[in-house]
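Please look over the chains shown below before reading on.

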Number of protein chains: 2
Amino acid sequence: MKALLYKSATKQITGEAKALAFESFSRPVRIGLLGCGTVGTGVVKLLRKNADLLARKLGAPLKLVAVADRSLKPQPELGLTSSIIIRDPLELVARDDIDIVVELLGGREPARTAILKALASGKDVVTANKALLAEDGERIFRAAAEHQLAVGFEASVGGGVPIIRTLREALAGDRQRAVYGIVNGTCNYILTRMSEEGKEFSEVLKQAQRQGLAEADPTLDVEGHDAAHKLCILVTLAFGVLLKPKQVYTQGITALEPQDIACARELGFAVKLLAIAKEDNGAIEARVHPTMTPVSHLLSSVKGAFNAIYIQSEALGSSMYFGLGAGQMPTASAVVADILEIARRRLTATRLVASPLGYPVQTLRAAPVKPIEEIVCQYYLRFMAADQPGVLGKIASILGRHRISIASVIQRERATVGAVPVIMRTHEAREKNLRMALREIQRLSVVKAPPVFIRIEENL
Amino acid sequence: MKALLYKSATKQITGEAKALAFESFSRPVRIGLLGCGTVGTGVVKLLRKNADLLARKLGAPLKLVAVADRSLKPQPELGLTSSIIIRDPLELVARDDIDIVVELLGGREPARTAILKALASGKDVVTANKALLAEDGERIFRAAAEHQLAVGFEASVGGGVPIIRTLREALAGDRQRAVYGIVNGTCNYILTRMSEEGKEFSEVLKQAQRQGLAEADPTLDVEGHDAAHKLCILVTLAFGVLLKPKQVYTQGITALEPQDIACARELGFAVKLLAIAKEDNGAIEARVHPTMTPVSHLLSSVKGAFNAIYIQSEALGSSMYFGLGAGQMPTASAVVADILEIARRRLTATRLVASPLGYPVQTLRAAPVKPIEEIVCQYYLRFMAADQPGVLGKIASILGRHRISIASVIQRERATVGAVPVIMRTHEAREKNLRMALREIQRLSVVKAPPVFIRIEENL
């Protein structure tokens with residue numbers, strides 16, 4: 001059946017080859033894969049399973065000719081025979097029988113060297129390596145531009161969600177104003193379960209680890225660094241600006257408490273780890289932190305391990321892109337889409353038409369980054385205070401002196417012993433002022449613990 | 001300021017021109033516009049407003065050289081001077097100083113002839129004309145393939161939502177299983193207001209017309225034909241299958257009653273006009289009709305004039321694309337994205353890399369279309385019945401004989417006079433059986449009006 005489909009497609013192609021030269025080729029496009037872990041194996045599976053479909057779309061077969069992996073054992077049922085497995089990634093990129101190198105090693109080295117060598121020897125590259133692109137993207141994209149080669153990186157942000165192409169192509173005629181991303185599935189899964197079950201962070205994390213939804217060392221995810229890496233890539237695509245992870249204010253979800261998630265819901269908000277970027281008169285605002293979003297907003301409906309990127313553009317207005325941001329096959333689908341796109345160009349031997357970033361790399365600019373103290377937003381505040389009269393007045397007057405006005409207050413039932421929570425929602429305030437006020441409030445003898453605050457994005 | 005930005009970008013480009021030849025051009029890419037109504041004016045505005053951004057991305061300016069419109073008056077503030085305005089679209093497409101023709105005439109003729117003549121004379125085409133593409137797409141895409149030219153049609157489905165690119169490129173390595181689209185903003189707006197305010201269809205339609213959210217003659221929208229046109233385009237992209245609007249089962253929203261929308265909500269569902277396509281062993285299921293979707297599903301959260309396309313794919317799983325599906329600037333943003341993409345290729349004089357449909361046009365196939373009687377889904381049913389004992393039994397036993405089992409029943413409060421509604425939700429059933437059962441039930445003397453049924457998509 002498979003052979004039949006492919007044969008008939010091939011026949012049709014051959015029959016009209018003259019009129020439709022750009023669709024008829026016979027030589028395969030040769031793929032070399034660096035790293036055959038979870039996603040790499042997914043790519044191998046997908047290339048194999050959809051070989052006929054891909055050949056029909058491309059007009060030529062895609063052929064996996066080499067896999068470099070430190071420890072991979074042959075899996076003949078996937079076509080991973082010992083003849084195509086090697087150990088050294090740098091040996092693979094030096095070969096002259098490879099058109100496209102797919103880098104799924106992760107981490108900085110040897111991925112960086114392998115990609116640069118692949119480009120230098122005339123190979124296009126596909127990568128899912130967000131950490132590398134966030135840190136060394138400029139170097140890599142400059143090398144690609146010099147050699148007029150492509151770097152496909154759809155899988156680096158949002159997994160299978162086509163946010164890279166969307167920013168580079170579909171929104172390219174428009175100006176982006178703001179990007180709000182749920183770009184870390186592990187965090188969104190943990191927050192969803194904390195919210196739905198009222199459980200502590202540490203408990204849900206352990207369950208997520210058992211289910212394979214969080215890494216053994218979850219730091220990169222739960223501390224927000226992975227989201228910050230992805231935000232750097234999104235900022236370059238959306239605003240044509242180069243940004244490094246260290247320039248992104250980054251706060252993870254480890255300190256979040258179930259009581260604040262419950263209070264947020266009572267106030268009509270969900271708590272999400274958002275990666276937020278805005279452009280404001282040439283300056284960039286870029287931050288990753290737990291954020292309260294209105295429950296009625298589409299982003300608040302993004303549950304579990306799903307990702308979503310919500311974009312505000314001048315002409316288009318709001319748009320959102322939703323799907324699985326991680327996992328073997330969703331990520332593999334993005335890698336294979338990049339392979340197909342590059343293979344098409346490779347076959348027609350045409351020059352690279354667009355920069356992989358949408359903006360020619362030499363027109364990318366550095367931009368001032370707004371310090372977190374300068375941002376203006378609404379805040380959720382929780383104070384653990386002595387259960388005695390006058391406390392609210394003391395807190396409110398300090399806030400007032402720092403020009404922070406209160407939108408609403410929830411005072412919890414009286415405690416039999418110890419401190420009671422005082423919950424407030426502020427109007428828009430400058431973070432510098434808020435921090436000064438909180439430092440002052442913390443020094444009050446009636447306040448029994450460091451104040452908790454969560455930023456609110458209401459008008460997205 | 002504008003000039004400065006552009007100059008500095010140009011300077012940078014020139015400075016590195018040797019190493020980065022593919023990004024440095026000077027001749028403008030010349031645009032001819034057919035039809036300058038709402039969307040056309042939006043395109044003119046966007047090309048003008050974002051001229052520097054577009055030139056930075058492209059490495060060359062985009063230049064509007066001619067506009068053909070029956071009645072357009074000069075608007076010098078938009079650059080629409082009398083020297084570039086002509087009346088005859090066929091005169092425009094015959095000119096030799098135009099690279100890309102943007103067709104925004106709408107309707108079948110003269111749009112069809114103009115597009116074919118533009119392609120025959122070596123011009124690429126951008127169009128938002130879904131009715132034309134649904135009816136004559138094959139002819140147009142064949143002509144484009146013969147001449148190795150592009151047809152950009154991102155604006156034809158979902159307005160500014162990049163669903164065309166997404167299906168053609170981002171999901172190209174994967175197999176699509178099903179597409180569920182809210183692709184008509186007018187209908188979604190009307191249904192949202194009927195649901196939120198409990199108002200009648202005709203009342204909300206009138207208000208929508210007053211607000212410019214519905215046409216004076218709303219037939220194409222509210223009867224579902226516009227959605228069916230768009231579904232034909234989506235089916236070709238998702239499944240590589242040619243489909244004509246007359247093959248799509250199409251039912252609009254004009255007969256929907258507020259009481260059914262209210263009952264749906266009570267059962268945990270929203271009512272949406274969905275365009276649904278599935279592939280099942282080579283056969284295509286394609287239908288447009290009011291559909292009940294679980295309130296917790298992301299599609300149910302798509303309110304007002306927004307569009308969303310929800311796609312199930314084998315490797316990626318679920319993904320959704322959300323944004324404004326109509327309106328001047330959202331639609332213009334999609335048109336300008338297509339112009340930019342085509343201009344990039346045009347400038348590098350490279351051959352067309354991919355078919356505009358993702359599949360080479362000669363590999364597109366016709367496929368059997370499943371008749372609506374053969375679909376299997378759950379149903380919402382409402383019977384207006386005499387308020388007397390035994391009615392439910394009679395209805396249920398007829399349904400049972402036709403192998404339709406009941407999942408739940410709501411019986412409304414007793415009426416003082418006349419008929420009372422009996423609401424049922426069925427398990428999955430074949431539509432042929434349901435229709436036979438309903439005909440039989442309608443003949444019961446205790447049933448006072450034709451039964452109402454709405455299809456439920458629960459597992460999307």
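**Briefing on the predicted model**

In strand β3(A), I86(A) is the residue that stands opposite A68(A). The model is a predicted one, and everything below should be read as computed from that prediction. Chain A contains 15 helices and 19 strands, and its C-alpha trace spans about 85 × 45 × 35 Å along the principal axes.

**Chain A as a whole**

- Of the 460 residues in chain A, 54% are buried.
- When contacts in chain A between residues at least 6 apart in sequence are considered, 74% of them join residues at least 24 apart.

**The parallel sheet of chain A**

- Six strands of chain A form an open sheet with parallel pairing, in the order β3-β2-β1-β4-β5-β6.
- The edges of this sheet are taken by β3 (85–86) and β6 (151–152) of chain A, and because each has a single partner strand, one side of each is left without a neighbour in the sheet.
- Strand β2 of chain A, residues 62–68, runs parallel to β3(A) and is joined to it by 2 bridges, and the pair A68(A) and I86(A) stand opposite each other across these two strands.
- Helix α2 of chain A, residues 38–49, packs on the sheet, where it touches β1, β2 and β4 of chain A, and the direction of this helix makes about 155° with that of β2(A).

**Helix α5 of chain A and what covers it**

- Which residues of helix α5 (residues 111–120) of chain A are buried? They are A111(A), A114(A), I115(A), A118(A) and L119(A).
- Seen down the axis of α5(A), these buried residues fall within an arc of 130°, and therefore they line one face of the helix.
- Just after α5(A) comes G122(A), which takes a positive phi of about 85°.

**Strand β15 of chain A and its antiparallel partners**

- Strand β15 of chain A, residues 376–386, pairs in the antiparallel sense with strand β18 of chain A, residues 429–430, over 2 bridges, and within this pairing R430(A) is the bridge partner of V376(A).
- Strand β17 of chain A, residues 419–426, runs antiparallel to β15(A) and is joined to it by 7 bridges, with Y380(A) standing opposite R425(A) of β17(A).
- Strand β19 of chain A, residues 452–456, is likewise antiparallel to β15(A), to which 5 bridges join it, and here R382(A) stands opposite V452(A).

**The parallel sheet of chain B**

- In chain B an open sheet of 6 strands with parallel pairing has the order β3-β2-β1-β4-β5-β6, and its edge strands are β3 (85–86) and β6 (151–152) of chain B, each of which pairs on one side only.
- Strand β2 of chain B, residues 62–68, is joined to β3(B) by 2 bridges and runs parallel to it, and V67(B) has I85(B) of β3(B) as its bridge partner.

**The contact between chains A and B**

- The contact takes 67 residues from chain A and 66 residues from chain B.
- On the side of chain B that touches chain A, the elements that give two or more residues are the helices α1 (2–15), α3 (51–58), α6 (130–146), α7 (163–170) and α13 (328–348), and the strand β13 (317–324), of chain B.
- The largest share of that side, 11 residues, comes from α13(B).
- The residues on the side of chain B that touches chain A divide into 32 nonpolar, 20 polar and 14 charged.
- Strand β13 of chain A, residues 317–324, runs antiparallel to β13(B) and is joined to it by 5 bridges, and across this pairing M320(B) is the bridge partner of F322(A).

**How the two copies are related**

- The same surface serves both copies, since 100% of the contact residues of chain B recur in chain A.

Technical notes
Residues numbered from 1 in each chain as written. Chains lettered and ligands numbered in written order. Predicted model: local features only at pLDDT ≥ 70, side-chain atom pairs only at ≥ 80, totals over all residues. Pairing = 2+ DSSP bridges. Helix = DSSP H or I, 4+ residues; strand = E, 2+ residues; numbered from the N terminus. Contact = placed C-beta atoms within 7 Å. Nonpolar A, V, L, I, M, F, W, Y, C, P; charged D, E, K, R; others polar. Buried ≥ 20, exposed ≤ 12 C-beta atoms within 10 Å, placed from the backbone. Arc of directions from axis to C-beta. Axes fitted to C-alpha atoms, helices over the stretch in contact; angles between N-to-C directions.
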